[in-house]
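Please keep the model open as you read.

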Amino acid sequence: MIGLKIMIKRFVVIALIVEALPVAADEIITADTIVISANRDKQNIIDANESISVVSQDEVLLQGADTVADALQDAPSVLLVNDGTPGLKRVSIRGESAYRTLVMVDGQRITDQKTKSGAPLLINPFFIDQVEVIKGPAAVLYGSDAMGGSVNVITKKPSEDKLSTQVGLLYNGSDNAFSEYLNLSGTIENFSYALGLVNTDAQDLYISDREKIDNTSYRNKGVNAYLAWQATDDLKFEYKSEYFDVDAHTASSTGIPGYAEFRAHIPKWRRVKHSLSFELTDLNDYVSSLKASVFMQQNDKDFNSSVTRQGPFVSVLNEEDSYGANLQAQFTLGKYFSLITGYDGERAQLKSDSTVTGINIQTYYGNYDRVDLHDRDFSQTTHGLYALLSTKFNERLTLNTAVRYNRVDTEAGSSFINGIKLHGFADEVNEKAVLSAGLVYKPLANASWRLNWSQGYRVPNIQEMYLYTFTGELQVGNPSLKPETSDNYEIGFKYEGDLITSDFTVFYSDADDYIETVERDDLFPGMNIPFRTFTYNNIASAKTYGADWSLQLNFDSFEPYLDISFIKRKYDTGSIETYNTGVPAVKGRTGIKYYPECNYGYLTLDFYARFASRVKQDNAGGISYFADDEYGGWTTLNLGAEYLFGDNEEYRIYGALENILDKNYQTSSLIHEPGRFIMAGVSASF
C-alpha cells in the first residue's frame with residue numbers, strides 16, 4: 001500500500017507539470033470507442049482507468065468465429081481454455097483460471113455453481129455489437145468471480161430503419177462447420193425490435209496431417225429477441241430474451257493415462273434467459289439517470305461419459321435457476337463530481353443428479369457397483385451495494401474511486417447417495433468490502449495515462465463447498481473454504497491518433513487463499529474407493545507480473561500491427577513454489593494489413609502470425625489431475641482477406657487460410673489445435 005501511495009504522488013506531480021504545457025489545437029482528436037463495462041455506464045474508452053480490450057462485431061466475422069470465445073483469442077493477456085468440449089472454450093485473463101473470469105451478457109452474469117472450467121459462453125456470437133474484456137479484478141464493479149477480469153457481451157441494438165436484415169453463412173474447415181445466421185431489427189415510431197437466429201453444425205476436428213479426432217462434433221443453436229418501448233423522451237422500457245443450446249461430443253487427443261480414451265456426450269447444455277428493464281434519464285439537474293432491471297435464467301447441463309474409457313461411467317444432470325435484479329442511479333454533483341451508485345442481487349438454486357456405474361465401492365453401508373447421487377435445495381444468494389465516484393480536477397486529470405459491499409449467503413441443501421442422506425453441512429455467510437482507485441491523465445484528447453489499483457474477491461461456489469462430484473475423479477466439497485482475494489496494480493498509456501494507435505499496460509497481481517483441488521487418501525477411512533479422491537483447500541497464493549501492448553501503424557495502403565502479452569506467474573502452495581503454472585510467458589499476434597486499390601468495393605488482405613512460448617505446468621502438491629505437463633511453443637502463419645462492395649458496403653465476402661504450415665501444437669493438456677484449414681464466409685445487410 002505504501003508503494004501505491006508513492007506511485008500516486010509521483011503520477012499527480014507529473015500530471016500537474018504536464019498540465020502547464022500548451023496544447024496545440026490540431027492535437028485535439030477525439031477517440032470514439034465507447035464502452036459500458038468500465039464504470040457501468042457509457043464512457044469513452046480513452047477515459048477509462050481500467051485496461052480494456054474491445055472486439056467489434058466486424059472483427060468477430062473476420063476471425064470466422066462461431067463462438068464468442070474464439071472471437072477473443074487475439075486479445076492481449078487473454079487465453080482460451082480448451083477442456084476438449086468443442087464449441088465451449090472458456091476465457092482466461094492474465095493467467096488466472098477460467099473460473100476466475102466473470103462472464104456477463106449486457107452486464108448480467110452467467111453463473112455456473114457446479115463447474116471446474118468456468119462459466120460457459122452460451123451466447124450467440126452473431127447477435128452482438130461488441131465484446132468488452134476488462135483485464136484485472138472487477139469485483140468493485142460486479143462482485144464475486146472477477147479475479148482475473150470480466151467478459152461483457154453487449155448484444156445487438158435495433159436499427160433506426162423500419163426493417164433491417166443481416167444474413168450470413170460461415171464455413172470453418174477445421175471441423176467442416178457451417179454456421180447460418182439471420183438478424184432482423186427495426187424501429188417503428190416509439191417501438192424498436194430485434195430478432196436473431198443462429199445454427200452451427202460442426203463435424204469432427206482435424207488436427208495436423210489431417211488427423212481426425214473422433215467424437216468432437218457439435219451443434220449450437222440460438223434465438224435472441226429484443227423489444228423496446230420509448231414511452232417518453234426520457235423513459236424507455238426493454239425486454240430481452242435469449243436461448244442458446246449446445247449438443248456436443250467431447251474427446252481428447254492426449255496420451256495422458258486415463259484420458260487418452262476419454263469420450264463423452266453432452267446432449268444438452270442450454271441457457272435460457274428473460275430480462276426486463278427501464279431507464280429514466282434527465283430527471284433533474286442532479287439525477288442524470290435511474291435504471292432498473294430484473295432477470296431470470298436457467299442453465300441446464302446433461303453429461304454422459306462413454307464406457308469406452310477405462311474407469312467408471314458417469315451420467316450427470318445439472319439444473320440451475322437464477323434470479324437477479326439491479327437498481328442504479330447516476331448523479332451529477334456540480335461541475336467536478338459524478339456518482340454512480342446502486343444495488344446488485346442474485347439468487348442461484350442448484351439441483352443435480354449423478355449416476356456412476358462400472359465401479360466397486362465398499363462402504364459402511366454395503367458394497368455398491370452403482371452409485372446414485374442426488375443434490376437438492378442448494379443455493380447461493382449475493383447482495384452488493386456499490387458506489388463509483390468520479391472527481392474531475394480539470395479537463396485532463398480525473399480520479400475514480402469505488403467501493404462495494406458484498407454479502408454472499410450459501411445455503412447447504414441435502415445430498416443423498418443411494419437413498420442415504422449424507423451428513424448435513426452448515427450454511428455459510430461471507431461479507432467483504434472491496435475498493436478500487438484510479439487516476440486518468442489526458443495530456444491530449446486522444447491520449448491518456450492511467451494508474452489503477454483494484455481488489456479482487458471470489459467466494460467459493462456450491463460445488464467447492466458442499467458437493468460430491470464425479471469428473472473422472474471424485475471431488476468432495478469443503479465448507480470451511482475462505483474466499484479468494486487479491487490486489488492488482490497497473491499503469492498504462494493509450495493513444496489513438498491518425499498515424500499510430502497504441503495501448504500499453506504493465507500490471508502486478510498479488511492473490512491469496514487460492515482454492516485448489518488436493519488429492520487425499522484419508523477422505524473415507526475404512527472404505528475401498530477404486531479411483532482417486534480430491535477435496536478443495538485454500539492452499540495457494542499467486543504473484544503475477546506482466547505487460548501487454550497493442551500497436552498499429554496507419555499508412556495509406558497498409559497497416560502493420562502487433563498484439564503481445566508477457567506474463568510471469570509464481571505459484572506458492574506453502575510447501576512448493578513454482579513458475580510453471582501452465583501459462584505461456586509470451587503470446588500474441590502480429591501482421592500487416594494491405595489495402596490494394598479496387599475499382600469496385602474495398603479489399604483488405606491480412607498476413608499474420610499467431611504465436612505463444614513453451615508451456616510447463618507443475619502438479620504442485622497434487623493440485624492437478626495430471627502429472628507435470630509440458631508442450632512446446634508454436635507459431636502459425638495465416639492469410640486473411642475481406643471484400644466489401646455495394647452502394648453502402650452492405651455485402652461482404654471474407655475468408656482465411658489458417659495454419660498455413662500445418663503446425664502441430666497444443667494450447668491445453670487435453671486436445672490439440674486445428675491443422676491447416678480454410679475459413680470462408682459471406683454476409684449481406686439490407
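**Rings, charges and a cavity**

The model holds 16 aromatic pairs, where rings of Phe, Tyr and Trp (its six-membered ring) pair if their centres lie within 6.5 Å, and planes under 30 degrees apart count as stacked, over 60 as edge-to-face and the rest as tilted. One of these pairs joins Tyr-514 and Tyr-571: the centres are 5.8 Å apart and the planes meet at 50 degrees, so the pair is tilted. Tyr-514 belongs to strand 30 (residues 500-520) and Tyr-571 to strand 32 (residues 558-572), so this contact ties together parts that are 57 residues apart in sequence. Strands (E, at least two residues) and helices (H or I, at least four) are DSSP runs, numbered from the N terminus.

A word on where this comes from: the model is predicted, local features need pLDDT of at least 70, side-chain atom pairs count only at pLDDT 80 or more, and totals for chains, interfaces and linings use all residues. Residues are numbered from 1 along each chain as its sequence is written, and side-chain values use heavy atoms, with hydrogens and water left out.

Are the two tyrosines, Tyr-514 and Tyr-571, buried or exposed? Tyr-514 is buried, with a relative accessible area of 0%, and Tyr-571 is buried too, at 6%. Here buried means under 20% relative accessible area, exposed means over 50%, and partly exposed lies in between (1.4 Å probe, protein chains only). Elsewhere, ring pairs link Phe-191, Trp-229, Phe-237 and Phe-278 into a cluster.

Tyr-514 also leads us to the charges. Arg-100 lies over the face of Tyr-514, at 3.8 Å from the ring centre; a charge sits over a ring if NZ of Lys or CZ of Arg is within 6 Å of the ring centre and within 35 degrees of the ring normal. Another such contact places Lys-301 over the face of Trp-269, at 4.1 Å from the ring centre.

Side chains of opposite charge can pair when their charged atoms come close. The count of salt bridges comes to 39, each being a side-chain nitrogen of Lys or Arg within 4 Å of a carboxyl oxygen of Asp or Glu. Arg-100 forms a salt bridge with Glu-484, with the closest N and O atoms 2.8 Å apart. This pair links distant parts of the chain: Arg-100 is in the loop between strand 5 (90-93) and strand 6, Glu-484 is in strand 29 (residues 484-496), and 384 residues separate them. Both Arg-100 and Glu-484 are buried.

Glu-484 has a salt bridge with Arg-458 as well, the closest N and O atoms being 3.4 Å apart. That pair spans 26 residues, from Arg-458 in strand 26 (residues 447-458) to Glu-484 in strand 29. Arg-458 in turn forms a salt bridge with Glu-464, where the closest N and O atoms are 3.0 Å apart. Glu-464 counts as buried at 1% relative accessibility, and Arg-458 is buried at 2%. Stepping back, Glu-96, Arg-100, Arg-458, Glu-464, Glu-484 and Arg-569 are linked in a network of salt bridges.

Next, two spots along the backbone. Phi of Asn-176 is near 50 degrees, a positive value in a residue other than glycine; Asn-176 lies in the loop between strand 10 (164-172) and strand 11 (177-188) and is partly exposed, with a relative accessible area of 28%. Asp-377 also has a positive phi, near 65 degrees. Asp-377 is found in strand 21 and is exposed, at 64% relative accessible area.

A search of the whole structure finds 10 cavities of 30 Å³ or more. On a 1 Å grid over the protein atoms alone, a cavity is a set of points where a 1.4 Å probe fits but cannot get out, and lining residues have an atom within 4 Å of a point. The second largest cavity has a volume of about 300 Å³, the volume being the space filled by probe spheres set on the points, which are joined across faces, edges and corners. Its lining has 24 residues, of which Arg-109, Thr-111, Asp-112, Gln-113 and Asp-145 lie nearest the centre of the cavity. Strand 6 (101-105), strand 20 (337-363) and strand 21 (366-392) each supply at least two residues of this lining.

How values were computed:
1 Å grid on protein atoms, 1.4 Å probe; cavity = no way out; pocket = protein on both sides within 12 Å on 5 of 7 lines; lining within 4 Å.
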